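Welcome, and thanks for opening your viewer.

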Amino acid sequence: PRALPQTTRAPEIDMRKTLGLLALLFASALAHAGDAPSLPTLKLDPARVAVAGLSSGAYMATQAQMAYPEIFHGAALVAGGPYGCAGGQLATALGSCMKGTPAPDVAALVARARKLSAEGRLGALAELAHARVYLLHGKKDAMVAPSVAEAGAQFYQTLRDDVPGLESMQVHDDGGRAFAHNLPVAGKGDDCGKSVSPFLGHCGFDAAGEIFAELFGKPARAVAAPRGELRTFDQDALRPGSKDAFLADQGYLYLPPACAGGKPCGLLVALHGCKQNAEAVSEAFVRDAGFNRWADAYDVVVLYPQARASFAPLNPQACWDWWGYSGADYDTRQGVQLRWLVDAVRALGLPEGR
């Protein structure tokens, strides 16, 4: 006799549970969306702002420096090639700009950069007069051929030699080390000669320390371990003109104690490689690449923007845009990711007029 009431009540109970679960999930999503705060406003030293990146991050780093040389006075390119290499073509990116077949036409790329600068689509090349450029690549790299990375060095060397007033630009081509397609870190392990997630090769070489030294000079002091704070921030809040920059919802910021305390500090923008974003490798890159410890020693904030994977546009590995998936102006001052990057630097406190 109790079977009928039980069966009539069961769908009501299930519906209430379902609606409750949906409400909980919706509330959780809203809470997650509001979890990440905005970037803090700091006292940035405009003379000490630089950008570094691995692989697609390296291509993005050279795009950032060429588009905004008045902001990014230093650039470190790890396993990347010359500015403008892909020419807006994915096939060229996968062939000439990764495998080196055919070899990148450095002279043509330099000519294009000079033309874009004259048109105002890149920054004034004169701003590179005192720039520092460090190009690091491994002899065992099977993903981006060493010849492509050498072409990246030749691009900057040609600019330095051909453009009047750039004689003092420093270009250091560091291609004699035996490591694969990864960012070398200080510890030793069996992954130095491999290209495996999270693409931090334990090679006994501290690439982050070398990058800091190349871009900012010798450290003022030694630091054994990072003592600052790794924060998340809301990347969507910085959409340029509300346009989608094809980035993840959240990025990361490492804040050394001195910088959090109000001391004037430099800034390094550290750009992950493909498949090295937080969604793919969690916090391995932002915590273990080695930048944070040196950030304390140099009083330099580290910004870790995060790209996102997508199939429309086609970017399943969360690469930075170095072939045009975000639009035809991707490698110029009009590029949406480059505009986002500059907005982020300004939000952190870059003085007006830079």
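This is a predicted model: local features need pLDDT of at least 70, side-chain atom pairs count only at pLDDT 80 or more; totals for chains, interfaces and linings use all residues.

**The whole chain**

Start with everything displayed. The chain holds 11 helices and 10 strands. Of its 354 residues, 51% are buried. If you draw the contacts with a sequence separation of 6 or more, 73% of them are between residues 24 or more positions apart.

**A partly exposed aspartate**

Now select Asp173, which sits in strand S4 (residues 170-177). Is Asp173 buried, exposed or partly exposed? Its relative accessibility is 24%, so it falls in the partly exposed class. Show His137 as well: the two side chains make a polar contact of 2.9 Å. Asp173 and His137 are 36 residues apart in sequence, and their C-alpha atoms are 8.4 Å apart. Beyond its sequence neighbours within four places, Asp173 also contacts Leu135, Glu150, Ala153 and Gln157.

**Ser56 and what surrounds it**

Next, go to Ser56, a residue of helix H2. Ser56 has a relative accessibility of 1%, and therefore counts as buried. Which backbone atom lies 3.1 Å from a polar atom of the Ser56 side chain? That atom is the backbone nitrogen of Trp320. With neighbours within four places left aside, the contacts of Ser56 include His272, Cys274, Cys319 and Trp322.

**On to His272**

Find His272 in the loop between strand S9 (265-271) and helix H8 (278-281). With 0% relative accessibility, His272 is classed as buried. Its side chain reaches the backbone nitrogen of Ala307 at 3.1 Å. Colour the surroundings too: beyond four places in sequence, His272 touches residues including Leu54, Gly57, Asn277, Phe285, Pro305, Gln306, Ala318 and Trp320.

Hide the side chains and select helix H2 (residues 56-67) together with helix H11 (residues 336-347). Their axes are 10 Å apart and meet at an angle of about 70°. H2 and H11 are therefore roughly perpendicular to each other. Bring the side chains back where they join: H2 contributes Met60, Gln63, Ala64 and Ala67, while H11 contributes Gln337, Leu338 and Leu341. Sorted by class, this contact has 5 nonpolar, 2 polar and no charged residues.

In soluble globular proteins, nonpolar side chains tend to be buried together. To look at this here, select Met66, Phe72, Phe155, Leu159, Leu267, Val269 and Leu303, which touch the most other members of the largest nonpolar core, a set of 78 residues. Apart from that core there is another, of 39 residues, with Val223, Leu268, Phe291 and Val300 among them. Then centre on Leu267: leaving out residues up to four places away in sequence, its contacts include Leu44, Arg48, Val49, Ala50, Phe216, Val301, Val345 and Leu348.

**Backbone details**

Most residues other than glycine have a negative phi, and most peptide bonds are trans. The last stops are exceptions to look up.

- Thr101 and Pro102 are joined by a cis peptide bond, with omega about -5°; Pro102 is in the loop between helix H3 (90-94) and helix H4 (106-118).
- Ser197 and Pro198 are also joined by a cis peptide bond, with omega about 10°; look for Pro198 in the loop between strand S5 (183-185) and strand S6 (200-202).
- Ser282, not a glycine, has a positive phi of about 60°; Ser282 is in the loop between H8 and helix H9 (284-288).
- Asp299, not a glycine either, has a positive phi of about 55°; Asp299 lies in the loop between helix H10 (291-298) and strand S10 (300-304).

Is Asp299 buried or exposed? At 6% relative accessibility, Asp299 counts as buried.

Definitions and conventions. Residues are numbered from 1 along each chain as its sequence is written. Side-chain values use heavy atoms; hydrogens and water are left out. A nonpolar core is a set of buried Ala, Val, Leu, Ile, Met, Phe, Trp, Tyr and Cys residues joined through side-chain atoms within 4.5 Å. Buried means under 20% relative accessible area, exposed over 50%, partly exposed in between (1.4 Å probe, protein chains only). Contact means heavy atoms within 4.5 Å. Helices (H or I, at least four residues) and strands (E, at least two) are DSSP runs, numbered from the N terminus. A polar contact is a pair of N or O atoms within 3.5 Å; within protein, one must be able to donate a hydrogen and the other to accept it, and residues adjacent in sequence count only if both atoms are side-chain atoms. Axes are lines fitted to C-alpha atoms, for helices over the stretch in contact, and angles run from 0 to 180 degrees between N-to-C directions. Angles under 35 degrees count as roughly parallel, over 145 as roughly antiparallel, 65 to 115 as roughly perpendicular and the rest as oblique. Ala, Val, Leu, Ile, Met, Phe, Trp, Tyr, Cys and Pro count as nonpolar, Asp, Glu, Lys and Arg as charged, and the others, Gly among them, as polar.
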